[in-house]
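This report goes through the packing, the strand pairing and some single residues of one protein model. Please keep the sequence and the structure in view while reading.

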Amino acid sequence: MTDQDWYSQIEGDLDTEELHQRAEQLENIPNIAPDPDGILVCPVLPLREVIVFPHMVVPLPVGRSATMVAIETAGQQDQVMVALPQRNPRKHSIQKKDFLPVGVLSAVSEMFSTSHSENLVVVQGRYRVEIVEMFREDSVLYARARVIEERARPTQQDSALMRNLMRLFKRYAELTRTIPDEALNYLMQIDEPGWLADMLTNSFSVHLDDRHKLLLSLDPSDRLEQVNSLLIRELGVLEIEDELHAKVQDEVERGQRENYLREQMRVIQRELGEQDPWSKELQELHARIKNAKLPKEAEAAALKEFERLYQMPPMSPEVGVIRTYVDWILDLPWTETSEDNLDVLNATEVLEKNHFGLEKPKDRILESIAIRSLRPNRTRQPILCFVGPPGTGKTTLGKSIAEALGRKFVRISLGGVRDEAEMRGHRRTYIGALPGRIIQTMKRAETLNPVFILDEVDKLGVGFRGDPAAALLEVLDPEQNQEFSDHYLEIPYDLSKVLFITTANHRSDIPWALLDRMEVVEFPGYIEEEKVEIAKKFLVPRQLDEAGLEEGELAFTEKTIRRIINEYTYEAGVRNLEREIGRVCRKIARLKAEKKNFPSRITDTAVEKYLGPPEFSTTDVETEDQIGVATSIAWTMAGGDIMPIEVALTEGKGGLQVTGQIGEVMQESAQAALTYMKSRARELGLKAEIFENLDVHIHVPEGSIPKDGPSAGITLATAVISAFTGRKVRKDVCMTGEVTLRGRVLAIGGVRNKVLAAHRNGLKTVVMPLKNKKDLVDVPKKVQSDLNLVFVSHMDEVLEVALHDEPEKRPRKEKKEGKAEKAKQETEKPAPSGSSQPRQEDKGTPVQPGA
């Protein structure tokens, strides 16, 4: 606390007239005379946060009992004490070393009390003294001090400094406006340099440490220079404060002026029967809130924000934030709904018109519409999840559902979303905050019951900003979404009337908590026959229209479409098929635009002319019965395909080698097949010693393509048994099924695609597990009638169908020629055709082992 703070605190409690009276009494107290050595002896008045300079009259509070005793002792003697500052003002228990070496001889009045301060004394500083010695007598601290003589007449340098100080102090008085004119005139009359420096120190704010330095400075010139530096620094601060104050004052005055002028404009417009734009806008906004038929909570929030808006000036930064929030509330659909068309026959017609195949998804949608037609007031909506490969019609089926029901259709893509705020929005405390994508899309829908597609739900990410999948739990839970809470709105919003449909490519990538809230509808992918029909009914007409060709100007034969499917695309959907058809149409359109001749019918032989060499090739079927070569049928991403498996025996030590980029599951199937054959060696006419002298090499061609799954088990076993027994495998037989060590044949998946692949490649007999007979319901009747479907439950039944009864008779050769002959036989086998076509053997499903 500075000296000025002490004075202002005490003078508020002390009557000015009383202070003057006591100061006049102190003037009559004479100075004590020093001894012949110039030494004075008198009690010490300890000072903590206040410093008494010569020629100053200061009221001081007295708190310590030892100080009171010292003042009473001085009053009984000469009423003179040495005012001595402490080095550390916070220290209460003081010793001799805790004081400065220089003090001020002062006259001290008697103690008296005020209404707020218990004890006060008035002190008048006389002159500086240097402490020689300190001692205690009767618990009173005394000081032996020597008088410090100061020159009274100023030098030329002192005069210059004194003039500069008074000029600076006048500027200080102008800026602070707290120095009375009488005090300024009094300072102007002082002609002693030391006295002026001490008086100025007491007239402006100076830190306690700087006051200590000024008290210890015994040369008047040095003190003048120090006060000059301190005053310049204080003026710099005051000028900055004055500049800031002026700026603030200008802003306040400008605001007051604007408010005054705006109020005048309101009065003038009121007299003229007009209205200012801001008031008109506020009235329109208030009318919108009242007419919006909002729920109670939404209306209360909107009116509360409107009241805040009404009380703000139009140019306030908060106006835009509040107005945006109110507009969001008013723009959202709270009660608006579109009337559902619950005619099941109409829905069937729309779905059949827009989509071919997809019987199971269509049935599930029609079931939901049928239930709604029987219970129109049923508000709970099913949460469907369409899972299937890209391009199989998941999103477009959602559009058809909206068309069939007569609802609005909206969609958001969730791929790559990693921030929870994307779903729930940001709180309004953030600059530029907005609602989440759910609320934004509902605003775009303009109704409370749209068909809402959440695309690519399996591609949600998790980042440091939270898990967006967790935010979707409330959206996709029928028990909670009637009160969905967005961080921006902070008002419950009803999503229970929305028909949510999510799409995904892989079920395994969907968070389990999210998957549990949805009903999964599988999109298995299109087979070749379905792709042909889709191309005829949808793709070709659409691409002709986009290419600017008239209907009937260009036609594609069925063989042409099949060749494009098999040699230029490899997919479960039809996106690439449509692109390739579009390429052909664009080339024909160019010929037409250039006034050149163009064909009206694209044949299968002309495909290469427009699309170039085939990009994919199919696996060739075996042309003759062979030993150690069996044909398996596999599920692939693009449907089904055949997969030859080759087995070769070489001299060795009974090892097994499996090649062709085989996965772990398929390798285990190969080991199980070999172990099964060894366990049935006697029944197969094989000696046990043969297994110790031969190595088995199993190879699945197209080695760059990953393959895995258990359903090639019976094919592996058939090929291995054929190689060891010498019995040929029938070329027109293909098979699928998992085999156990005891020869049992277990069920697999993907039956529909596999049977169609066999039929497409011209194979006549298909061997499959007996437990898969029920899966033929998805296979067309015509395909079933063209094939010989054999259902087996044991490996013995497979061998009866796949192998010839008698082994091939081979002439005996000398042992030395064994290796050369076997190598020759391997090279004479027809090599399987290579292919860059990717294939993955039978992925397992949770309900069937092997797919």
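Which residues of β3 are buried on one side, and which on the other? On one face these are Val80, Val82 and Leu84, and on the other Met81, Ala83 and Pro85. Buried means under 20% relative accessible area, exposed means over 50%, and partly exposed is in between, with a 1.4 Å probe and protein chains only.

The model is predicted: local features need pLDDT of at least 70, side-chain atom pairs count only at pLDDT 80 or more, and totals for chains, interfaces and linings use all residues. Residues are numbered from 1 along each chain as its sequence is written, and side-chain values use heavy atoms, with hydrogens and water left out.

Helices (H or I, at least four residues) and strands (E, at least two) are DSSP runs numbered from the N terminus. In a regular strand the side chains alternate between the two faces of the sheet.

β3 pairs with strand β1 (residues 39–47) in the parallel sense, over 4 bridges. Two strands pair if DSSP finds at least two bridges between them. Pro46 has Leu84 of β3 as its bridge partner. With strand β4 (residues 102–108), β3 pairs in the antiparallel sense, again over 4 bridges. Here Met81 has Ser106 of β4 as its bridge partner.

The largest nonpolar core has 56 residues, and Ile329 and Leu472 have the most contacts inside it. A nonpolar core is a set of buried Ala, Val, Leu, Ile, Met, Phe, Trp, Tyr and Cys residues joined through side-chain atoms within 4.5 Å. Helix α11 (residues 317–331) supplies the largest share of this core, 7 residues. Apart from this core lies another, of 52 residues, which includes Ile51, Leu60, Val62 and Leu175.

Leaving aside neighbours within four places in sequence, Leu472 is in contact (heavy atoms within 4.5 Å) with Leu414, Met423, Ile438, Leu454, Val457, Leu460 and Leu514. Leu472 is also one of the buried residues of α17, together with Pro468, Ala469, Ala471, Glu474 and Val475. Because 6 of the 8 residues of helix α17 (residues 468–475) are buried, the helix is largely enclosed by the rest of the structure. Among the elements that its buried residues pack against are α15 (421–424), α16 (437–445), β9 (451–455) and β12 (499–504).

**The five-stranded sheet**

An open sheet of 5 strands has the order β8-β9-β12-β7-β13, with parallel pairing. Its edge strands, β8 (409–413) and β13 (519–522), each pair on one side only. From one strand to the next the twist averages 25°. β8 and β9 run parallel and are joined by 5 bridges, and Phe409 stands opposite Val451 in β9. Helix α14 (residues 394–405) packs on this sheet and touches β7 (384–387), β8, β9 and β12; its direction makes about 165° with that of β12. Axes are lines fitted to C-alpha atoms, for helices over the stretch in contact, and angles run from 0 to 180 degrees between N-to-C directions.

**Helices α4 and α5**

The axes of helix α4 (residues 156–176) and helix α5 (residues 181–188) come within 11 Å and cross at roughly 175°. That angle makes α4 roughly antiparallel to α5; angles under 35 degrees count as roughly parallel, over 145 as roughly antiparallel, 65 to 115 as roughly perpendicular and the rest as oblique. Met166, Phe169 and Lys170 in α4 meet Leu184, Leu187 and Met188 in α5.

| Residue | Relative accessibility | Class |
|---|---|---|
| Val779 | 3% | buried |
| Glu490 | 49% | partly exposed |
| Lys595 | 77% | exposed |

Val779 lies in the loop between β23 (765–769) and α27 (781–786). Not counting residues up to four places away in sequence, Val779 touches Arg752, Val755 and Gln784. The C-alpha atoms of Val779 and Asn753 are separated by 8.4 Å, although the two residues are 26 residues apart along the chain.

Most residues other than glycine have a negative phi. Glu490, in the loop between β10 and β11 (492–493), has a positive phi of about 60°. Lys595, in the loop between α21 (575–593) and β15 (601–602), also has a positive phi, near 60°.
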